[in-house]
Amino acid sequence: MIAAERVGVVGAGYVGLTTAACLAHLGHHVRCVDNAGPRVARLRRGVVDIEEPQLAELVSAGLRSGRLRFDTGLGAVTGCALVVLCLPTPAGWDGAPDVRSVTSVAHAVARLVAGPLVLVVKSTVPPGSARALHESLGGDRIDVVSNPEFLREGRSVRDFLHPDRIVLGGRCAAAVEAVAAMYRSVPAPIIRTDWASAELAKYACNGFLAVKASYTNEVADLCDAVGADVTEVAAVMAADPRIGRHFLAPGPGWGGSCLPKDTRGLLDTAGRVGAPLDTVRAAVESNTHHRDRLVRRITEALTGDPDGHLDGYRIGVLGLTFKAGTDDTRDSPAVAVVRQLCARGATVTAYDPACGSRRAAAVDHDGEFQVVDEPLLAAKSASVIVVLTEWPEFRAIDWSAALREVAGPLVIDARNVLDRSTVTGCGFSYRGLGRP
Ligand code: UDX
């Protein structure tokens, strides 16, 4: 079996850095390579730009112990028999993931490492990628193991160290066992399978989560129409272990850096082989329609007409990140809703605990809306306050003080995160999602 003590990790983004820091924490000697010089320079000083609980601590501990080192050149992994590839696979214009950086780095590493080498592909790649990579590398010296990541933002370290399962797809049993040995101290079942199944499993999971979230959002809209309460309905659904209790919270739509990209990738794969995957296609469409309906609801609440114009209306928004517990606004449904409100003529002032005005440019490239540092500043002169991310701290806002700031006493809580009686007790009208 190949010794797993020296592990290379290529890519120091959110997946790569979590992987490198956690592997060092597990006792491995990790060489983490990223071609972004300034990022590597900061990481060498222990400065972590990614907001993830425990990540900065693990990086510092790894640097102190000498088990974690950062480099810009791939030469750093020369002495590693295991190299984990954590490179981005962004969706192209047609939705197909672009795997070129995985392929080119794999070939470069293969040229650098003289002995036996196992390339571990953590990046999300379409089924068939690992096989194609293996064939293009040629020979028996190098093996490829597909090891998809299931890390949720905001809890990536916990998910890495305490996963529900570890998936290893490969053709060579010795290579799979070498990767299994790398995870020996992680208390999780290991599912050993073939390349394509491991690759597809990642897409299948995220596709299913998208279907579940879209379904929940549609049920919430139905609750509104029939006078039912989605929290009660979801509680009944959650009590059935066949359904499970997660992903049953309605919101303004699902987003983030994974679900939208992976559903597109899955649909692209399905399209290429003529497998319809109608459910996932519907979930994606449903997500767009759901967001549009929310914008229409907000518009109707203000103007009496769902298709009305919002010129002259000021809207206070609470939440810009794609979910609570992260500072990530990539593909955020909250930002998409804000943009639509602005396109209808509204003036939007937004507050998010994780994106202060310093980061406004990163959130709002076109200067369409204003990002403020206090929730009460978002409330100022607002005709409605709209909650778009489920940050628990929104419950603790001084709603009596907010009432003194607003132009109209209406709260639309698109995450059902606020305590209705607190908000109404302070004099606001409250509308949740799927709650009468
Ligand atoms: C996801 C997957 O969960 C993870 O396994 C994968 O590896 C990467 O993609 P993440 O992007 O961090 O993780 O977000 P997740 O917590 O899954 O939420 C995705 C989106 O669904 C968010 O916009 C969230 O707000 C939304 N969501 C989630 C809901 O609208 N309702 C829910 O009940 C749960």
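Select Ala-249 and the ligand: a nitrogen atom of the ligand sits 2.8 Å from a polar backbone atom of Ala-249. That pair is a polar contact, meaning N or O atoms within 3.5 Å; within protein, one must be able to donate a hydrogen and the other to accept it, and residues adjacent in sequence count only if both atoms are side-chain atoms.

**Before you go on**

This is a predicted model, where local features need pLDDT of at least 70, side-chain atom pairs count only at pLDDT 80 or more, and totals for chains, interfaces and linings use all residues. Residues are numbered from 1 along each chain as its sequence is written, and side-chain values use heavy atoms, with hydrogens and water left out.

**Stop 1**

A polar backbone atom of Leu-248 is 3.2 Å from an oxygen atom of the ligand. How much of the ligand does the protein bury? Taken alone, the ligand exposes 670 Å², and the protein buries 92% of that. These accessible areas come from the Shrake-Rupley method with a 1.4 Å probe; for residues, only the protein chains shown count as cover.

Next, select the whole shell around the ligand.

Helices (H or I, at least four residues) and strands (E, at least two) are DSSP runs, numbered from the N terminus.

**Stop 1: the second largest pocket**

Select Tyr-14, Glu-153, Ser-257, Asp-328 and Arg-330. Of the 37 residues that line the second largest pocket, these are the closest to its centre. The space in this pocket is about 880 Å³. On a 1 Å grid over the protein atoms alone, a pocket is an open set of points with protein on both sides within 12 Å along at least five of seven lines; a cavity is a set where a 1.4 Å probe fits but cannot get out; lining residues have an atom within 4 Å of a point. Grid points are joined across faces, edges and corners, and a volume is the space filled by probe spheres set on the points.

Show helix 1 (14-25) and helix 10 (259-273). Each supplies at least two residues of this pocket's lining. Helix 10 gives the most, with four residues. By class, the pocket lining has 11 nonpolar, 10 polar and 16 charged residues.

**Stop 2: the cavities**

How many cavities of 30 Å³ or more does a search of the whole structure find? It finds two.

Begin with the largest cavity, at about 50 Å³. Select residues of its lining, including Val-121, Ser-146, Pro-148, Glu-199 and Tyr-203. Helix 8 provides the largest share of this lining, four residues. Five lining residues are nonpolar, three polar and two charged.

Move to the second largest cavity, with about 30 Å³ of space. Its lining is Thr-216, Val-219, Val-230, Ala-234, Met-237 and Leu-248. Leu-248 is also the residue with a backbone atom 3.2 Å from a ligand oxygen. Helix 9 (230-238) gives the most to the lining, three residues. The lining has five nonpolar residues, one polar and no charged.

**Stop 3: two loops**

Select Ile-50, in the loop between helix 2 (37-44) and helix 3 (55-65). Ile-50 and Tyr-14 are 36 residues apart along the chain, yet their C-alpha atoms are separated by 6.8 Å. In that loop, too, is Gln-54. Gln-54 has a positive phi of about 75°, although it is not a glycine.

Buried means under 20%, exposed over 50%, and partly exposed in between (1.4 Å probe, protein chains only).

Finish at Phe-247, in the loop between helix 9 and helix 10. Its phi is near 60°, a positive value in a residue other than glycine. Phe-247 counts as partly exposed, at 36% relative accessibility.

Definitions and conventions
Ala, Val, Leu, Ile, Met, Phe, Trp, Tyr, Cys and Pro count as nonpolar, Asp, Glu, Lys and Arg as charged, and the others, Gly among them, as polar.
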